[in-house]
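These are my notebook entries on a structure that I had not examined before. I set down what I looked up, entry by entry.

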Amino acid sequence: MTTSVKSSSRTRTSRTKTRRTAVSAVAFAAMAALLAGCGSGGDTSDPLAEGGGDGDTVVVGSNNFAESILLADIYGEALKAKDIKVTYKPNIGSRETTYGLMKNGSVTVLPEYNGSLLAYLDAKGTPPKTVAETTTAIEAKLDPKLTLLEPSSAQNKDSVTVNAETAKKYGLTAQSSIADLKDAAPDLVFGGSPEFQTRQQGLVGLKSLYGLEFKSFKALDAGGPLTQTALKKNTVQAADVFTTDPTIAQEKFVVLKDTKNLFGFQNVQPLVHKDGLPQKGVDALNAVSAKLDTKTLLDLDAQVQLEKKDPLDVARTWLKSAGLG
């Protein structure tokens, strides 16, 4: 293996407290990428530190939003069930940061979303028509030290979502498309992560494909509590909310249909540093992908985000129920 991190043992109580702090900190987008990681059931390390492990450690990282942290816990605990030593680097930051850490071997495994990863690697490429084509297109652009494992059927897409007040004002329903927002957009403030403002799968694509030009953009977090609260309070009238976010139904938000497939396929898929994971680890993560579907992911997200359960506990319980833990 190629990974090596300075490790420190923590008690279960300390780990759980630290992890909950990290998950709560997703709400503070400006600080999220700087938070120190916590080790679920294992060692901890600075999420932005370079360097790999002691030769036997798999480093599982996550981006700076709650679902990514949950998925990293699922991957890590599935690996530990196969007697693989795991350390965690949760809540690192956006893809612009995590991809670099994957390339240099500081992170071994990262939960990814295939369409978003492809858009990051090849923003001007022709959108694939199948999941298999998406994987093939990614592999053609990936750093040669990296590879993708099997995709799950679970998808979580970016979206253009409006609050109930805006939906009522402009006659928008779940059957409306993003294109139906064109006339209203100049009067609306759009909210999302800072990266959404400059990404093709963001304001750039919304303008080029749908002709949407909003009154202004408010930088919040990656579909997290800041975005949810701003949309609920009408600070923003439209926002990028992840489609597996349980607050959509809770707050009666309306997700507009992406008829031009701007957001593409967004299957959850493990990204792996080739030299860092043994075959039994590959098999374990492929088994997770085979069991994980969108309905399951939405349920697990609800347990973490609405019921405020510890993502590590949610991950372990699901893996056990799926015969993987």
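Entry 1, strand S6. The model is a predicted one. I began with strand S6, residues 189–192, and looked up where its side chains point. Val189 and Gly191 point one way, Phe190 and Gly192 point the other way, and all of them are buried. I then looked up the neighbours of S6. Strand S7 (residues 216–219) runs parallel to S6 and is joined to it by 4 bridges. In S7, Val189 has Ser216 as its bridge partner, and Phe190 stands opposite Phe217. I followed the chain from S6 to S7: it passes through helix H8 (residues 200–210), and this β-α-β crossover is right-handed.

Strand S8 (residues 238–239) also runs parallel to S6, with 2 bridges between them. Here Phe190 stands opposite Ala238.

I turned to helix H11, which covers residues 279–291. Its 13 residues reach 19 Å from the first C-alpha to the last, close to the 18 Å expected at 1.5 Å a residue. Which residues of H11 are buried? I recorded Gly281, Val282, Ala284, Leu285, Val288 and Ser289. Seen down the axis of H11, these buried residues fall within an arc of 165 degrees, so they line one face of the helix. The buried residues of H11 pack against helix H3 (66–80), strand S3 (109–113), strand S10 (268–273) and helix H13 (311–321).

I looked up the largest nonpolar core and found 36 residues in it. Those with the most contacts inside this core are Val60, Ile74, Leu79, Leu277 and Trp318. Among the elements that give two or more residues to the core are strand S1 (57–61), strand S2 (85–89), helix H12 (294–305) and H11. H3 supplies the largest share, 7 residues. For Val60 I listed the contacts, leaving out residues up to four places away in sequence; they include Ala72, Leu79, Val86, Tyr88 and Val109. A second, separate core has 22 residues, including Ala184, Phe214, Leu256 and Leu262.

I found Asn91 in the loop between S2 and helix H4 (95–103). Is Asn91 buried or exposed? Asn91 is buried, since its relative accessible area is 0%, and the cut-off for buried is under 20%. Asn91 and Ala66 are 25 residues apart along the chain, and their C-alpha atoms are separated by 8.2 Å.

My last entry concerns Tyr99, which has its place in helix H4. Tyr99 is buried, with a relative accessible area of 7%. Tyr99 and Leu110 are 11 residues apart in sequence, and the distance from C-alpha to C-alpha is 9.0 Å. Not counting residues up to four places away in sequence, Tyr99 touches Leu117, Tyr120, Leu121, Lys141, Leu142, Asp143, Leu146 and Leu271.

Methods:
Residues numbered from 1 in each chain as written. Predicted model: local features only at pLDDT ≥ 70, side-chain atom pairs only at ≥ 80, totals over all residues. Heavy atoms only, no water. Buried < 20%, exposed > 50% of the residue type's maximum accessible area, 1.4 Å probe, protein only. Pairing = 2+ DSSP bridges. Right-handed = clockwise from strand over helix to strand, strands pointing away. Expected span 1.5 Å × (residues − 1). Arc of directions from axis to C-beta. Contact = heavy atoms within 4.5 Å. Core = buried A, V, L, I, M, F, W, Y, C linked by side-chain atoms within 4.5 Å.
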